[in-house]
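Student: I have a structure open and would like to learn how to read its features. Could you take me through them one by one?

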Amino acid sequence: MIPCRVMQPISLDSNVKYPVILSLHGAGGKGNDNRKQLKPWNMQLAQQNIRTRFPCYVVTPQADQLWNRDHYDAIKTIIAGLPQVDTDRIYILGHSMGGHGTYIFLQYEKDYFAAAAPSAGTGLRSSADFINPSKIQHYPIWAFHGDKDSVCPFAKQQILFNQLRKLGGNLKLTVWQGDN
């Protein structure tokens, strides 16, 4: 199994199915302490007013290496065990290594996720980590990237964006000017 934190809706209504947000950490969250993966965006999702307004599950697994198929399969098992999940509303987000993991996970199945929001997520370092635009073109994706990012260069995100655009993909890209 994989270290993982799950935040459930404040109260479960037996007549409601709840969406899931899968949140993938970046390299700074790597390990197996089941704590380092909790990042500021997870803390925002845990705020009382957000949880009240948008009841959902938030699943925050922890990996000790780049996100891969074994992690994906373990995470799917965790989500499958949650009560009252709306399987048509499973969303994925991640930053840096987690943003790249977001793109990698989207490639594994055509219809598991409802949408994705990767940030700084195209740190391609080897051909084994290649993102195939034709495998993800059908997903609604809102990507975020700083144009001065030196770790996961923005140019790679721009290339992916252009490839998806040529394929008729559904990608929105927000660029943080001057941000790394």
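Predicted model: local features only at pLDDT ≥ 70, side-chain atom pairs only at ≥ 80, totals over all residues.

Student: Which residue does the side chain of R89 meet in a salt bridge?

Tutor: That partner is D86, with 2.8 Å from N to O. D86 has 15% relative accessibility, so this residue counts as buried.

Student: How many salt bridges does a search of the whole structure find?

Tutor: The search finds 3. Another one links the side chains of R69 and D73, at 3.1 Å from N to O. Both residues belong to helix 3, which covers residues 69-80, and they are 4 residues apart, about one turn of the helix. R69 is partly exposed at 36% relative accessibility, and D73 is partly exposed at 34%.

Student: What about E109 and K76, how do their side chains meet?

Tutor: They form a salt bridge too, with 2.5 Å from N to O. E109 sits in the loop between helix 4 and strand 5 while K76 sits in helix 3, so this pair ties together parts that are 33 residues apart in sequence. E109 is partly exposed, with a relative accessible area of 24%, and K76 is partly exposed, with 24% as well.

Student: Let's turn to strands. Do strand 2 and strand 4 run parallel or antiparallel?

Tutor: To read a pairing, look at the direction of the strands and at the bridges between them. Strand 2 (residues 18-24) and strand 4 (residues 85-95) run parallel and are joined by 6 bridges. To find your place in this pairing, look for L22, which stands opposite I92 of strand 4.

Student: Which residue in strand 5 does G94 stand opposite?

Tutor: G94 stands opposite P118. Strand 4 pairs with strand 5 (residues 115-119) in the parallel sense, over 5 bridges. Follow the chain and you will also find that strand 4, helix 4 (residues 97-108) and strand 5 make a β-α-β unit, and this unit is right-handed.

Student: Now the interior. Why look for nonpolar side chains there?

Tutor: In soluble globular proteins, nonpolar side chains tend to be buried together. Here, the largest nonpolar core has 38 residues, and those touching the most other members are Y103, F105, L106, F113, I136 and I141. Several elements each supply at least two residues of this core, among them strand 2, helix 3, strand 4, helix 4 and helix 6 (154-166).

Student: Which residues is I141 in contact with, leaving aside neighbours within four places in sequence?

Tutor: I141 is in contact with Y103, L106, A116, P118, I136, N170, L171 and K172. There is also a second, separate core of 5 residues, including M7, L45, C56 and V58.

Technical notes. Residues numbered from 1 in each chain as written. Heavy atoms only, no water. Pairing = 2+ DSSP bridges. Right-handed = clockwise from strand over helix to strand, strands pointing away. Salt bridge = Lys/Arg side-chain N within 4 Å of Asp/Glu carboxyl O. Buried < 20%, exposed > 50% of the residue type's maximum accessible area, 1.4 Å probe, protein only. Core = buried A, V, L, I, M, F, W, Y, C linked by side-chain atoms within 4.5 Å. Contact = heavy atoms within 4.5 Å.
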